[in-house]
Amino acid sequence: MPDAPVQRLSEITVAIATRDRPEMLGRCLQNLLAAPMRPREIVIVDQSHSDQTTQVVQQQRSGAVQLVYHHQPSSGLGTAQNAAMARASGTIVAVTDDDCVPAAGWLPALEAAFAGPHLIDAVTGPVLPYGPERPDTFSVAARSSTRRVDFDARALPWDIGSGNNFAVRRAWLLEIGGNDERLGPGSPGQGGVDMDLFYRLARAGARLRYEPEAVVYHERASRASRLARRRPYGYGMGACCSLWLRQGDRNALRVLAHWVILRLRRAAAALTQRDGERVREEALVLGGTLSGLMYGWRAAGLPRGAGLALPARPDLTVPNQT
């Protein structure tokens with residue numbers, strides 16, 4: 001019988017925000033713990049309404065990997081990710097979502113990108129549909145480019161990457177104040193928390209790279225679920241642009257123009273192809289963008305990343321098993 005592959009440990013901390021999806025979180029953790037390279041630490045911030053997620057975490061004990069669990073009553077993806085980043089002990093934090101499955105080569109690809117000859121501060125990667133195609137299911141937030149790209153301060157945030165697959169040096173998170181908690185699913189801003197984070201990293205001078213080897217798989221969605229995400233997607237982007245403008249960043253006007261032109265072009269292509277569903281999707285995105293612009297302009301101020309100042313101490317640590 002061939003020997004089982006030796007598992008190595010990465011010093012990268014993996015951060016996962018979760019809410020009422022214990023089965024998906026369990027699948028995500030199982031894949032991380034079964035990979036040839038495992039993280040030494042996984043931080044889970046849970047905004048669920050039951051204790052099922054706690055039970056899932058306690059069941060996933062594995063060798064030298066420390067599972068750090070924190071229950072957070074407040075809602076919002078930005079808030080949850082800030083809490084996870086605050087509790088990370090690694091100098092690099094890799095973020096994915098509970099409905100995602102990182103590929104076996106995800107952590108090695110991230111490590112290689114950060115260790116390369118050109119100093120990189122943040123890395124994103126492909127997001128591909130999970131599992132075989134099934135009737136009446138659709139990919140969400142798909143990103144499939146196989147070309148490595150480095151980004152500068154003028155990068156458009158949606159070109160940089162997706163919020164369910166990125167890693168960043170923790171020092172940079174502290175430098176820019178983490179996520180803007182007014183943005184993202186579960187917040188008044190509804191979306192855009194990842195776009196805002198990537199944009200502010202780039203504008204602050206961080207070196208960002210899209211690494212095609214750092215692959216994460218994302219759960220497919222129903223048609224109704226995909227449609228339900230389109231307006232918040234646009235809303236978040238509109239909110240981001242307004243918030244940047246309020247801070248005196250005139251580059252936000254360029255970003256907004258590119259965004260609107262992109263959506264109009266996609267709507268025009270869908271009209272040409274007589275694809276009513278895609279036309280409807282783009283109409284939802286554009287309508288959401290307009291509403292988001294108004295929200296961002298009147299949103300009250302909120303300190304970014306206040307939770308990042310917390311010590312890296314868990315509420316509950318699942319003991320390592322030897």
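Residues are numbered from 1 along each chain as its sequence is written, and side-chain values use heavy atoms, with hydrogens and water left out. In this predicted model, local features need pLDDT of at least 70 and side-chain atom pairs count only at pLDDT 80 or more, while totals for chains, interfaces and linings use all residues.

User: How many salt bridges does a search of the whole structure find?

Analyst: A salt bridge is a side-chain nitrogen of Lys or Arg within 4 Å of a carboxyl oxygen of Asp or Glu. Searching the whole structure by this criterion gives a total of 18.

User: Which residue forms a salt bridge with Asp-121?

Analyst: Asp-121 counts as buried because its relative accessibility is 2%, buried meaning under 20% relative accessible area, exposed over 50% and partly exposed in between (1.4 Å probe, protein chains only). Its side chain meets its partner at 3.8 Å, N to O, and that partner is Arg-169.

User: What distance separates the closest N and O atoms of Glu-281 and Arg-223?

Analyst: Helices are DSSP runs of H or I with at least four residues, and strands are runs of E with at least two, numbered from the N terminus. Glu-281 and Arg-223 form a salt bridge in which these atoms are 2.7 Å apart. Because Glu-281 lies in helix 10 and Arg-223 in helix 8, the pair ties together parts separated in sequence by 58 residues. The distance asked for is 2.7 Å.

User: Is Glu-175 buried or exposed?

Analyst: Glu-175 is placed in helix 6, residues 170-176. Because its relative accessibility is 59%, Glu-175 counts as exposed.
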